[in-house]
Amino acid sequence: MSTRIAFLKGHGTENDFVIVPDPDNAIDLPPAAVAALCDRRAGIGGDGVLHVVRSAAHPEARHMAAEAEWFMDYRNSNGSVAEMCGNGVRVFARYLQRTGHVTEGDLAVATRGGVKRVHLAKNGDVTVGMGRALLPEGDVEVGVGERSWPARNVNMGNPHAVAFVADLDHAGDLYSPPPYRPASAYPDGVNVEFVVDRGPRHVAMRVHERGSGETRSCGTGACAVAVAAARRDGLDPAVTGTPVTYTVDLPGGTLVITERPDGEIEMTGPAMIVAEGEIDAAWLEEVLT
């Protein structure tokens, strides 16, 4: 391992990430290393790590290399691997633009949830094609303390349970995963969104992200919330033939989610790179011993 490793820090609606450029997939990032980097007191701090690798260099992404040059090897802050991160894709694309790998316009990013289409707009917003939502059948319930609510099961390449509540404070502190049932609905855990209405096609949410706790924003969660809200409101673009758009307020900012009649979902929001520097490899090796 070299004595220093380059990194950048970025965020999308305050969902923040440590970015580790590694085109040739030469840097070993075991779970303990990711957790150390994401530690907000003893490390750099972040909700996750964006490991930037060329698709052809990563065994999980080689089959996507013909469609997307770059692979977002995403890790949660506890070191676990995640299928997708919507805010992370926007920040990943902003990094590629900052470093001259891409320019304004369209690009493709490989993820464990498939190839995502991204558009870098001149006004600074980034739009990500998030794919189609799956709506598994079966009743789901989530709880906090003595309260419980029915939840909509939505899969955006990763699992979500969306509960509509009267007050966002009812979600509690969200440090620990909210209990859910049946356990069989989410054998690998779930992201849980608590949602209130703010106006016509306008909602606000808080989220417990699987493997990270409460975060300031969750892109796939915002998409799941928009889909759940649309179905609750009787708006299914596949039935009406008309796109439906929801504004979703999160603690860290606002995302705009559009679902098209063909089922494709687009998420638009900001993405910022705020710092860059070097990780001391000696420190990283020490925390791994």
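Student: In which loop does R201 lie?

Tutor: R201 lies in the loop between strand 12 and strand 13 (202-209). Strands here are DSSP runs of E with at least two residues, and helices are DSSP runs of H or I with at least four, both numbered from the N terminus. Before we continue, please note that this is a predicted model, in which local features need pLDDT of at least 70 and side-chain atom pairs count only at pLDDT 80 or more, while totals for chains, interfaces and linings use all residues. Residues are numbered from 1 along each chain as its sequence is written, and side-chain values use heavy atoms, with hydrogens and water left out.

Student: Why is R201 called partly exposed?

Tutor: The relative accessibility of R201 is 40%. Buried means under 20% relative accessible area, exposed means over 50%, and partly exposed is in between, with a 1.4 Å probe and protein chains only. The value of 40% lies in between, so R201 counts as partly exposed. R201 also has a positive phi of about 50°, although it is not a glycine.

Student: T13 also has a positive phi. Is T13 buried or exposed, and how do you know?

Tutor: T13 has a relative accessibility of 4%, which is under the limit for buried, and therefore T13 counts as buried. Its phi is about 45°, and T13 is not a glycine. T13 is found in the loop between strand 1 (4-12) and strand 2 (15-21).

Student: What makes the peptide bond from R181 to P182 cis?

Tutor: Its omega is near 0°. P182 is placed in the loop between strand 11 (180-181) and strand 12 (191-199).

Student: Why is it said that the pair of D16 and R40 ties together parts of the structure?

Tutor: D16 lies in strand 2 and R40 in the loop between helix 1 (31-38) and strand 3 (48-54), so the pair joins parts that are 24 residues apart in sequence. D16 is buried, because its relative accessible area is 10%. Salt bridges that share partners also join K9, D16, R40 and D47 into one network.

Student: What makes R231 and E259 another salt bridge?

Tutor: Their side chains meet at 2.8 Å, N to O, which is within the limit, so the pair qualifies. R231 lies in helix 3 and E259 in strand 16 (residues 253-259), so this pair ties together parts that are 28 residues apart in sequence. At 7% relative accessibility, E259 counts as buried. The structure holds 20 salt bridges; among them is the pair of R75 and D73, with closest N and O atoms 2.8 Å apart. Both R75 and D73 are buried.

Student: What makes a set of residues a nonpolar core?

Tutor: The set must consist of buried Ala, Val, Leu, Ile, Met, Phe, Trp, Tyr and Cys residues joined through side-chain atoms within 4.5 Å. The largest such core has 52 residues, and M72 and I257 have the most contacts inside it. Helix 3 (residues 219-232) gives the most to this core, with nine residues. A second, separate core of 16 residues includes V140, W149, A151 and A161.

Student: How do you know which residues F7 touches?

Tutor: Contact means heavy atoms within 4.5 Å. Not counting residues up to four places away in sequence, F7 touches residues including V18, I44, E278 and I279. F7 and E278 are 271 residues apart in sequence, yet their C-alpha atoms are 5.6 Å apart in space.

Student: Why is F7 called buried?

Tutor: F7, which is found in strand 1, has a relative accessible area of 13%. This value is under the cut-off, so F7 is buried.

Technical notes. Salt bridge = Lys/Arg side-chain N within 4 Å of Asp/Glu carboxyl O.
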